[in-house]
Amino acid sequence: MATSELSCQLAEENCERREAFWAEWKDLTLSTRPEEGCSLHEEDAQRHETYHRQGQCQALVQRSPWLVMRMGILGRGLQEYQLPYQRVLPLPIFTPAKVGAAKEEREETPIQLQELLALETALGGQCVDRQDVAEITKQLPPVVPVSKPGTLRSSLSRSMSQEAQRG
């Protein structure tokens with residue numbers, strides 16, 4: 001299977017604002033593959049000859065930094081896919097109810113939350129392992145105040161301060 005790849009590089013620099021941007025990605029991949037359902041196989045037992053031929057197609061995959069991927073067979077058109085953003089959770093943790101909506105229009109409470117509310121109601125709002133705040137703070141290490149404002153800055157390593165500046 002033969003494969004060809006095309007990569008892209010992008011670099012920008014703004015000297016006035018002291019900003020720079022650099023990106024590189026694999027943009028285009030063209031590969032030759034056997035085509036499904038397109039093969040020929042013949043055998044001649046008298047002459048002891050065989051003939052086999054397999055059809056080929058060129059698969060094309062195009063990626064972009066905007067999370068768009070196009071895939072397909074060369075000459076037959078490409079199907080476009082919007083890829084999900086990788087650095088977010090797959091489902092929202094909390095979606096607020098419509099403010100001011102009537103009770104009939106609101107979504108029903110999820111089953112897990114209903115079970116949790118039923119348990120809280122059964123316990124009467126009392127926690128079995130309840131501790132006072134004073135007991136919890138006794139278990140924490142003591143807070144050490146910083147004597148001089150400059151001591152914290154000098155204690156940071158160079159790489160940490162550079163990371164802090166970059167954000």
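**Close-up views of the predicted model**

View 1. At 52% relative accessibility, Glu5 counts as exposed (over 50% of relative accessible area; buried is under 20%, partly exposed is in between; 1.4 Å probe, protein chains only). This is a predicted model: local features need pLDDT of at least 70, side-chain atom pairs count only at pLDDT 80 or more, and totals for chains, interfaces and linings use all residues. Residues are numbered from 1 along each chain as its sequence is written, and side-chain values use heavy atoms, with hydrogens and water left out. The side chain of Glu5 meets that of Lys26 in a salt bridge, 3.6 Å from N to O (a side-chain nitrogen of Lys or Arg within 4 Å of a carboxyl oxygen of Asp or Glu). Glu5 belongs to strand β1 and Lys26 to strand β2, so the pair ties together parts that are 21 residues apart in sequence. Helices (H or I, at least four residues) and strands (E, at least two) are DSSP runs, numbered from the N terminus. Lys26 has 41% relative accessibility and counts as partly exposed. In total, the structure holds four salt bridges.

**View 2. Five strands form an open sheet.** The strand order is β1-β2-β3-β4-β5, with antiparallel pairing (two strands pair if DSSP finds at least two bridges between them). Strands β1 (3–14) and β5 (78–82) are the edges, and each pairs on one side only. From one strand to the next, the twist averages 20 degrees. Here axes are lines fitted to C-alpha atoms, for helices over the stretch in contact, and angles run from 0 to 180 degrees between N-to-C directions.

**View 3. β1 meets β2.** Strand β2 covers residues 19–44 and runs antiparallel to β1, with 12 bridges joining the two. Arg17 counts as exposed, at 59% relative accessibility. Glu19 counts as partly exposed, at 38%.

**View 4. β2 turns into β3.** These strands pair in the antiparallel sense over 13 bridges. Ser39 stands opposite Gln54 in β3. Their hairpin has four residues between the strands. In this hairpin, His48 takes a positive phi near 60 degrees.

View 5. Strand β3 spans residues 49–63 and strand β4 spans residues 68–73. Five bridges hold this antiparallel pair. Two facing pairs can be picked out. Gln62 stands opposite Arg70 in β4, and Arg63 stands opposite Met69 in β4. Four residues separate the strands of the hairpin. Leu67, in the turn, has a positive phi of about 60 degrees.

**View 6. β4 turns into β5.** The two strands run antiparallel, joined by five bridges. Gly72 has Leu78 of β5 as its bridge partner. This hairpin also has four residues between its strands, and Gly75 in the turn has a positive phi of about 90 degrees. Side chains link the strands too. Glu80 forms a salt bridge with Arg70, with the closest N and O atoms 3.0 Å apart. Glu80 lies in strand β5 and Arg70 in strand β4, so the pair ties together parts that are 10 residues apart in sequence. Glu80 counts as partly exposed at 48% relative accessibility. Arg70 also counts as partly exposed, at 29%.

**View 7. Leucines form a surface patch.** The nonpolar patch consists of Leu113, Leu116, Leu117, Leu119 and Leu123. Together they have about 440 Å² of accessible area (Shrake-Rupley method, 1.4 Å probe; for residues, only the protein chains shown count as cover). Patches are made of residues with over 30% relative accessible area and no salt bridge; like charges are joined within 9 Å, nonpolar side chains (Val, Leu, Ile, Met, Phe, Trp, Tyr) within 5 Å. Leu119 lies in helix α1, residues 111–123.

View 8. The protein averages a pLDDT of 76 (the predictor's confidence in each residue, from 0 to 100). At least 70 is the score of 70% of the residues. Among the elements, β4 has the highest mean pLDDT, 90. Helix α3 (residues 149–155) has the lowest, 51. Where pLDDT is low, the predicted coordinates should not be read in detail.
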